[in-house]
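Please look over the model below.

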Amino acid sequence: EDVENILFDIVNLLTSIDECPEEDRATLLGLCLKAAKKSTELTSFDSCVIYAEKGISLLPVEKWTQEREVSLELYSIITEAYLSIVNAEKMKVYADEVLHQSSLSELEKVRVHICNISLNAVVMNKAREALDMSIDVLRKLGCKFPKNKLLQARLAVSSVLGAKLPSEKDIAALSPMEDETRKACMEIMVNAATFSHHCNNIPAFIALNSRMAQWTMKYGVDVYSA
């Protein structure tokens, strides 16, 4: 707790040194990551960028093999920070670095995927492109969803016709959704449903909300459950 209270002072002091001794690199790297996360919690995204970039500078050349988890966290958090301060050019640099790593799974890349989708939807006001990107990511995560509007309409109709209203007992008996891939898909689907509404794609809107309801009943309750 004492370290938490003076975390930024410690990191600022240690990073002011011209060259970090190799034996202290791992410790400083961990502190930079903590400072970046703490800055995000405080919505101080400019500070997050500073600490994350310092952390990235401390990573070894073979970072994606030697420091895989820390690298992924730093690159994901700085991508989110640059999105928050609407610096699309910088965001793309770090996002592309993650997305080009063949050793990372699509689930590991999902935070960066969501940033790219949000950039199109919120910053560029391109709801239709954001919807298409969302569907692409869902497919990569194993959640099949059609891009063609006619197929979306068929899916929407079949979903509605096949829907069965759950009882209060059924809903009360639901357990939390645990599968991380499905939870990621739920987040993407709830946003994709919003994009479909903005671009007036009613079939996709119905099909996405139906899919979320079906998954909730089948796999459990998630924060994004319909």
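The crossing of helices H12 and H13 is left-handed, a crossing being left-handed if the near helix is turned anticlockwise from the far one by less than a right angle, and right-handed if clockwise. This is a predicted model, in which local features need pLDDT of at least 70 and side-chain atom pairs count only at pLDDT 80 or more, while totals for chains, interfaces and linings use all residues. Residues are numbered from 1 along each chain as its sequence is written, and side-chain values use heavy atoms, with hydrogens and water left out.

The protein has 13 helices and 0 strands; helices (H or I, at least four residues) and strands (E, at least two) are DSSP runs, numbered from the N terminus. Its pattern along the sequence is α-α-α-α-α-α-α-α-α-α-α-α-α. The C-alpha trace spans about 65 × 40 × 30 Å along the principal axes.

Two packed helices are described by the angle between their axes and the distance between the axes. Axes here are lines fitted to C-alpha atoms, for helices over the stretch in contact, and angles run from 0 to 180 degrees between N-to-C directions. Helix H12 covers residues 180-198 and helix H13 covers residues 202-219; they pack at an angle of about 155°, with axes 8 Å apart. That makes H12 roughly antiparallel to H13, since angles under 35 degrees count as roughly parallel, over 145 as roughly antiparallel, 65 to 115 as roughly perpendicular and the rest as oblique. From H12, the residues in the contact (heavy atoms within 4.5 Å) include Arg182, Met186, Met189 and Ala193. On the H13 side, Phe205, Leu208, Arg211 and Trp215 are among them. By class, the residues of this contact divide into 12 nonpolar, 4 polar and 2 charged. Ala, Val, Leu, Ile, Met, Phe, Trp, Tyr, Cys and Pro count as nonpolar, Asp, Glu, Lys and Arg as charged, and the others, Gly among them, as polar.

H12 also packs against H8, at an angle of about 5° and with the axes 11 Å apart. That makes H8 roughly parallel to H12. Val110, Ile114, Ile117 and Ala121 of H8 make this contact with Ala184, Glu187, Ile188 and Phe195 of H12. The contact of H8 with H12 has 7 nonpolar residues, no polar ones and 1 charged.

H8 has a further partner in helix H6 (residues 68-84): the axes of H6 and H8 come within 9 Å and cross at roughly 10°. H6 and H8 are therefore roughly parallel to each other. Glu73, Ser76, Ile77, Thr79, Glu80 and Leu83 in H6 meet residues of H8 that include Arg111, Cys115 and Leu119. In this contact of H6 with H8, 6 residues are nonpolar, 3 polar and 3 charged.

Which residues line the largest cavity? The lining consists of Ile114, Ile117, Ser118, Ser134, Ile188, Asn191 and Phe195, and H8 and H12 each supply at least two of its residues. On a 1 Å grid over the protein atoms alone, a cavity is a set of points where a 1.4 Å probe fits but cannot get out, and a pocket is an open set with protein on both sides within 12 Å along at least five of seven lines; lining residues have an atom within 4 Å of a point. The structure holds 1 cavity of 30 Å³ or more, and the largest cavity has a volume of about 40 Å³. Grid points are joined across faces, edges and corners, and a volume is the space filled by probe spheres set on the points. The cavity lining has 4 nonpolar, 3 polar and no charged residues.

The largest pocket holds about 350 Å³ of space. Of the 15 residues that line this pocket, Ala163, Lys164, Pro166, Ala213 and Gln214 lie nearest its centre. Helix H10 (149-161) and H13 are the elements that give two or more residues to this lining, and H13 provides the largest share, 5 residues. The lining divides into 7 nonpolar, 6 polar and 2 charged residues.

About 200 Å³ of space lies in the second largest pocket. Helices H7 (88-99), H8 (110-123) and H9 (127-140) each supply at least two residues of its lining. Met91, Asp96, His113, Asn116, Met133 and Lys140 are among the lining residues, which divide by class into 5 nonpolar, 2 polar and 4 charged.
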